[in-house]
Amino acid sequence: MTTFANALASAAVVVTVGAVVVLWRHRLRSIVVALAVQGVALALTAGLLAGHEHDRVLFAVALLVLAVKAVVIPGLLARVVAATPGARETDPLVNVPASLVVAGLLTLAAFIAARPIVALVGGPTGRLVPLGLATVLIGFFVMVARRRALSQVVGLLLVDNGIALVAFLVTSGVPVIVELGSSLDVLFGVVVLRVLLARLTAAGFSDLDQLRSLHD
Amino acid sequence: MSPLSLLAGLGVLAALAALAPRSRRVQLVAAILVAVEAIGAVVSIRVLATDHALMGRTTSLLPITGVRIDLTPLGALFTLTTAFVALAATIHWLGYRRHAMSSVSATSAFALFVTSLLLVPAAGDIVTFLVLWEVMALSSLVLVAHDHASRDEARQAAWWYGAMTQGGAALITLGLVVLGAHAKDPSFSSIAASARHLPGAARAAIFLALFVGFAAKAGLVPAHVWLPRAHAEAPAPASALLSGAMVNLGIYGIVLTRTLLGVGPAWWWLVAGFFGVISALYGSLYAATSTDLKRLLAYSTSDNMGLVVIGLSASGLFYASHPAASSLALVATLFLVTAHALYKSTLFLGAGSVQYATHERNLDQLGGLARTMPATSVAVVIGALAVAALPPLNGFSAEWLVVQSLVHGLASADPVTTVATTVFVAALALTGGLTIVAFVKAVGIGFFGRARSEQAEHAREVPVSMRVGPGITASACVVVGVAPGLALTAITRASAVVAPHPSGLTATLAGFHLGALRGAVDPLALALGAVAATLLVAALRRSRGPRTAAKLRSFEPWGSGRTVTSARMQYTATSFAEPLQRVFDDVLAPQHDLDVSHAVESRYYVERVAYASANDDVVERRLYRPVLALARWWGLRARGIANGSVHRYLAYGFVVLVVALVVVS
Amino acid sequence: MSLATVVVGLVQLALVVVGGPLLLGLMRRVRSRLEGRDGPAIAQPWRDIAKLAHKQRTRPTESSWIFAAAPLVLVATAATVAALGPLISLTPPLAASTDFIAVIFVLLVGSVALALAALDTGTAFGGMGASRALTIGALVEPALLVAVLALSLPLHSTNLVAIVADGLRHASVLVGPSHLLALASFIVVILAESGRLPVDNPSTHLELTMIYEALILEYSGPDLALVTLGESMRLAIWLGLFVNLVAPAGIAANATAAGLVLGVVAVTLKVAVVGVVVAFFEVTTAKLRLFRLPELLAGGFILALLGVVTGAVMR
């Protein structure tokens, strides 16, 4: 087991663990911190790959990921959280232990589902694809099972981070322009959502289930 | 053939001896049955010792096909286990007859039940197997319905049991008959030879039919609903046999299916493993939350059979990738089956003794029996520690072997098998934890602490025979636990009938060594070490200071400063399980009913608070009840067809005749 | 079982017996200091045990044999594991059968005996303690066994000595993500099994909030001394096994005198460090409500599960 393989796997695992922590913790602040740590781990994955393949462009992508996903987006979300200090995901639609068990099952499902990709790519990078896929699935589940608007945004970002992880692992570096585009897209999306969130909070909706009342 | 025909003949004789006068009936039948069990034990020991199957055939007994006997080491292991459990149950019965099970029908049914249980694993062809299987099912049905006149629950139990067992038997018959139709004769050996040429889809369908049929007998969820009813309502010696011998034959059936059809594709075993996991978790969860001692034991049986099927599934899944681990899983599974038979029969017989002494099986009404019934309680404590898989008892060895087979099978597993194995380990672990809760509750609430009712307070130790019965099975739990060598040799031979690849497992006197697969455990060394340490510490405790020397003073326990404490202040089985019930609220969906009536003068004064909580079986409530309701609705609708008018019935016949004529022409 | 291995076993046993209460004392001392108090001396638990040992034994009026037997079983099982586990050397007695699962289940015997004894007292507190302790124990079990499965992946063996030896030989195993995740989940397991915060508050004496103290409420005199000793030994064993799985450095590869001395020093220092860290963590953490505990334990389980999956994908 080479050091590179170990380090890469550890970084990828941290991305998945970050998604699990989002399900695990109630405090919105902790959730945002987990997202930031996940961003760092994602950047680290890209950086390790760049270092391993001596790919300068990929290194630039890693820096970009670090800036956007570990600093800017969590920063924006942290400001939303700061507006309501001590805000918590008090009564999720699926309770925390059950959510964690579901996350475990999703991880196992990802492990099975990623078989073809693993076989196709192979090597120390390709075999980590299940972890990225698991992150995507857990992100979706966060959107399904959590009430807070902020949690929904975080769920979306988890999906995005998971896809990014898979992309890094499969292609050893997305073309920088694609990564730039997608990062900016996400950033733009988060800004819009942040504004929307602020409006929703101002209007007294922080639990998205309450939006059902608009139906009548 | 001759020893087994002697066995069968004596069995029938025992059933007829039930017609003897009441005063001597049970003693007479029990004496003959002990001979029957001894023959069963000797024959199966000989098969296991020589490693040669006992074969035989006679055309005189059954028409057309005759009777074919083929007692392989695999079958011999089941027969031997049954013989041992049946011996304990028969001895227990000698005392228990004063409480129940002394009527002609029950005595005779018990004799037939024991005989058929001993003979089913010896059946060498389809017809013999099915006939014996039916005798077993019907005789046990009579025993389950034993209290039908006095208790509505017993009637209900008999209905459920009858329906499930006949449904299962129908599926088994279907599967075996289809298999037999393609073979040159109905013997299992020629079926096994011809079944390999069947198309895949047909084999899969047969596998599913047989698996479901046998799983219903083994009490796997969701076909378990009969089990907590039947095991709880049957008299104790019969419950011990239901749980210690009959459910085993469901497992025997699944192993037999594997020998007939071959290991087959992985998905068969994934299906089996799924139901194993569900049964293990569901059974242990309900065992942990039950308050009726016998229901608790019954759910635990469902849980243990789940673990057994997990082991079978692992064996099937590893077959291609890791044959040694596959064989190890099968050995572990068979070890678990025998271990379960021993400890569960101990517990059921013990529960019968409690019922005999107190007329009570609700844990919330028991307590303090360790002082009034010391011998019974020691046997039950040993059984409970064994089922909780604590070393150095046989339950621990069995569970350790199962985990080892999973750990090693993971070595060369593809992702699907890896995932299944991981789920198995997690399920095994949670089941183990819940089982500990269940049995600490059963023993701690039922046998320790203070008596919670008059009956428990005035319980007397049961007659000698009722102490000997559970005593011998409990001792066997200890002996097989600390010195697994002899048992393991037999089990390895039995397992080799199905999975010939050597597992590498060897047993010394003291423990297990996995050979090429790395791993070993020495229960005997652990036990000796712990016992030595216990004695040493006890000696130290005794030797402290002259004034305090070993004088033990009794005090009222702490009651938060109140001096009056009563037995009702203790935790009950319900309150003991309450935290778990809350944790698994979504799964169990218990029904609570809180009724507060206020005083007329002011709402601030409460006159009476009534709290009721029902924790009935959620599968029964959510799955069976709606189906039964639907069936009933159809039945009511269909009543219009038969309104009693002769003209209408004649019209039906006329229409059918016309249609038949048209179709035939 | 050669003489040398027996010596190793006896040294380990002596270390755990002597060191267990001292570890407890150290952790209490650190907590007190962090809370701004001076706190009792590190040797205080030993003084308590010595004092209790000279008092008279008592038992509740309607208790039976299990009440008297449980403290013995608790200490004896802990002593068995202390002698057989890889604490100071890789050559404990019966090293070939020092199985991780066997170790867990032997310790479990002690817990079960104590729970039965608590029910035997015939009080509400005993029942409450037993019920809560076992519920937590049941929910910990999946995390524990799946963590063991993850640790067993490199060797396909649950032999504890072999796992520790493998870590000593190949440092890359120790920093592998699978190993780290398994150990992370192990931390949750240890906190729950030994009744530390945030699972249970070891310094509380209010009947309704406590788990472990309710369990042993009726013990006094020499029996209480044994229970205290047994519990501290168990804590020392859990932490000792943990540190040797995290960083086996210093453990004696064979049974030479110098190696054993080094092994004793190494494991003592490592356990002391971890004990201080745990104490620090306890000061900064609040106790979780009983019904929030499944969240913590499910978290531990999921970490172990990720450990298995990571280990499996990296094969």
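Q: What makes S6(B) and strand S1 of chain C a pair of strands?
A: In this predicted model, four bridges join S6(B) to strand S1 (residues 57–60) of chain C, and the two run parallel. Two strands count as paired if at least two bridges are found between them, and with four bridges these two therefore meet the definition. Within this pairing, B:Phe555 stands opposite C:Pro60 in S1(C).

Q: How many residues does each chain bring to the contact between chain B and chain C?
A: Chain B supplies 72 residues and chain C supplies 75 residues. On the side of chain B that touches chain C, the elements that each supply at least two residues include helix H16 (394–409), helix H21 (523–542) and strand S6 (552–555), while H17(B) gives the most, with 16 residues. By class, that side of chain B has 42 nonpolar, 20 polar and ten charged residues.

Q: Which elements of chain A give two or more residues to the side that touches chain C?
A: This contact takes 21 residues from chain A and 16 residues from chain C, and the elements in question are helix H1 (3–24) and helix H4 (96–113) of chain A. The largest share of that side, nine residues, comes from H4(A), and its residues divide into 15 nonpolar, five polar and one charged.

Q: Why is chain B called as compact as a globular protein of its length?
A: The globule rule gives 26 Å for 665 residues, and the radius of gyration of chain B is 27 Å, which is close to that value, so chain B is as compact as a globular protein of that length. Along its principal axes, the C-alpha trace of chain B spans about 100 × 70 × 60 Å, and the chain contains 25 helices and eight strands.

Q: What share of the residues of chain B count as buried?
A: A residue is buried if 20 or more other C-beta atoms lie within 10 Å of its own, and 58% of the 665 residues of chain B count as buried.

Q: Which residues have the most contacts inside the largest nonpolar core?
A: This core has 446 residues, and those with the most contacts inside it include A:Ile138, B:Leu241 and C:Ala304. Its largest share, 22 residues, comes from helix H13 (residues 323–358) of chain B. Leaving aside residues up to four places away in sequence, C:Ala304 touches several residues of chain C, among them C:Ala143, C:Val146, C:Leu181 and C:Ser185.

Key
Residues are numbered from 1 along each chain as its sequence is written. Chains are lettered from A and ligands numbered from 1 in the order in which they are written. This is a predicted model: local features need pLDDT of at least 70, side-chain atom pairs count only at pLDDT 80 or more; totals for chains, interfaces and linings use all residues. Two residues are in contact if their C-beta atoms, placed from the backbone, lie within 7 Å. Ala, Val, Leu, Ile, Met, Phe, Trp, Tyr, Cys and Pro count as nonpolar, Asp, Glu, Lys and Arg as charged, and the others, Gly among them, as polar. A nonpolar core is a set of buried Ala, Val, Leu, Ile, Met, Phe, Trp, Tyr and Cys residues joined through C-beta atoms within 7 Å. A residue is buried if 20 or more other C-beta atoms lie within 10 Å of its own, exposed if 12 or fewer, and partly exposed in between; C-beta atoms are placed from the backbone. The radius of gyration is taken over C-alpha atoms; the globule rule is 2.2 Å times the number of residues to the power 0.38.
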